[in-house]
Amino acid sequence: MGWHERVDHGFARVMLPQHRLYRDGFGDPRVLDRCVRGVQDVSVEEVAPLAIDWTQAKSVRGVDVRRGTFTSPAPELPTDARRAVVEQWMPGQPGYLLLATTGEEGFFRRRLLARFLAAHGLGAVLLENPFYGERRPSGQRGPALRTVADQFAMNLATVLEARALLCTLPELRGVTGFSQGGFMAAFASVVTPLELASVPRGAGCGVEAVFTSLALRHTMRWDVLAAQAGSLEAARSTFAEALEPVRLDRFPPPRAPHPPPPLPRPAHRLRPPAHAARPPPPCPAPPPPRRPPPHPPARISPRPPPPPSRLPHAP
């Protein structure tokens, strides 16, 4: 076990006892079976657009933000969770759908990422998960889900709602999230027949190990699950069997988005300035290459005159 896994396990043991999951056990077995079959039967298809009721956009630090509500397309949600809530930053601007992590109620943390995207000219749509925040059913304590059936209903509904939003809002070019939100983002992207950028962060191909052997298992009421299943091993086996179809490798990869067309240049850059019509001055001719100086001619000493002859002169 690496040091980061030890930190995760320690944090789950010490900091999360007040948010114990599944205090009512597995829940209604009929609802759980329908949710598991819903995960098995979900397929790649484009769905009908949502009828979203938008509020008037307001300026938040210079960015237009509006809220919207719609009826969830998921069939297994309680009445309190069927009204979905979204928040859109920079409406009409290309952007990302941001999904929530485990226990994340409201939009406070994801607004930090929305502001960052807005600073770079990208929009964002934030979806409130079923069973969280404004969609929390009566009787639930905070974000801690009461049953395993609620967990499956929430995750299946998140995927169906995310796919519906991606098919409804053409400005959404991708989907992202962290941990639970990362896996839901990847799941939504593989069942949506659109060209999308999928950015799952802190997520894997499946979720069985997350609940049965990794840090999240320390937040679960295994005593209640074991009492309902007959033993701890039976509870883990039942949970693992239900999680078996929750895998990404059951589907082909999402359609890769084509590179966007280049942005048009401003008009003043399309026309050359007035001085550009004049031909540029000719470049000065390069200097001739420097040649090495010739070797000086050899100095030849003058031949000395012959000595005078000693012969007598002829008469």
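This is a predicted model: local features need pLDDT of at least 70, side-chain atom pairs count only at pLDDT 80 or more; totals for chains, interfaces and linings use all residues.
Residues are numbered from 1 along each chain as its sequence is written, and side-chain values use heavy atoms, with hydrogens and water left out.

Student: How many helices and strands does the protein have?
Tutor: Helices (H or I, at least four residues) and strands (E, at least two) are DSSP runs, numbered from the N terminus. Counted in this way, the protein has nine helices and eight strands.

Student: What percentage of the residues in the protein is buried?
Tutor: Buried means under 20% relative accessible area, exposed over 50%, and partly exposed in between, with a 1.4 Å probe and protein chains only. Of the 315 residues in the protein, the buried share is 40%.

Student: How many residues of helix 5 are buried, and which elements are included in what covers them?
Tutor: Helix 5 is mostly covered, with eleven of its eleven residues buried. F183, M184 and F187 are among them. The cover includes helix 2 (29-41), strand 5 (95-99), helix 4 (148-168), strand 7 (172-178) and strand 8 (197-201).

Student: Which residues is F187 in contact with, leaving aside its neighbours within four places in sequence?
Tutor: Contact means heavy atoms within 4.5 Å. F187 counts as buried, because its relative accessibility is 5%. With those neighbours left aside, the contacts of F187 are V39, V42, V159, V246, R247, L248, R250 and F251.

Student: Why is the pair of F187 and F251 described as edge-to-face?
Tutor: Rings of Phe, Tyr and Trp (its six-membered ring) pair if their centres lie within 6.5 Å; planes under 30 degrees apart count as stacked, over 60 as edge-to-face and the rest as tilted. The structure holds five aromatic pairs. In the pair of F187 and F251 the centres are 5.5 Å apart and the planes stand at 65°, so the pair is edge-to-face.

Student: How many residues apart are F187 and F251?
Tutor: F187 belongs to helix 5 (residues 180-190), and F251 to the loop between helix 8 (232-243) and helix 9 (267-270). F251 counts as buried, because its relative accessibility is 12%. The pair links distant parts of the chain, 64 residues apart.

Student: Which arginine lies over the face of W222?
Tutor: A charge sits over a ring if NZ of Lys or CZ of Arg is within 6 Å of the ring centre and within 35 degrees of the ring normal. W222 is also linked by ring pairs with Y22, F211 and F239 into a cluster. At 5.5 Å from the ring centre of W222 lies R236.

Student: How many bridges join strand 5 to strand 6, and how many join strand 5 to strand 7?
Tutor: Two strands pair if DSSP finds at least two bridges between them. Strand 5 runs parallel to strand 6 (residues 123-127), and L98 has L126 as its bridge partner there. Strand 5 also runs parallel to strand 7, where L99 stands opposite G177. Strand 6 is joined to strand 5 by four bridges, and strand 7 by five.

Student: Where does R61 lie, and is R61 buried or exposed?
Tutor: Most residues other than glycine have a negative phi. Phi of R61 is near 55°, a positive value. R61 lies in the loop between strand 2 (58-60) and strand 3. Because its relative accessibility is 70%, R61 counts as exposed.

Student: Is F131 buried or exposed?
Tutor: F131 is found in the loop between strand 6 and helix 4. F131 has a positive phi of about 75° although it is not a glycine. With a relative accessible area of 1%, F131 is buried.
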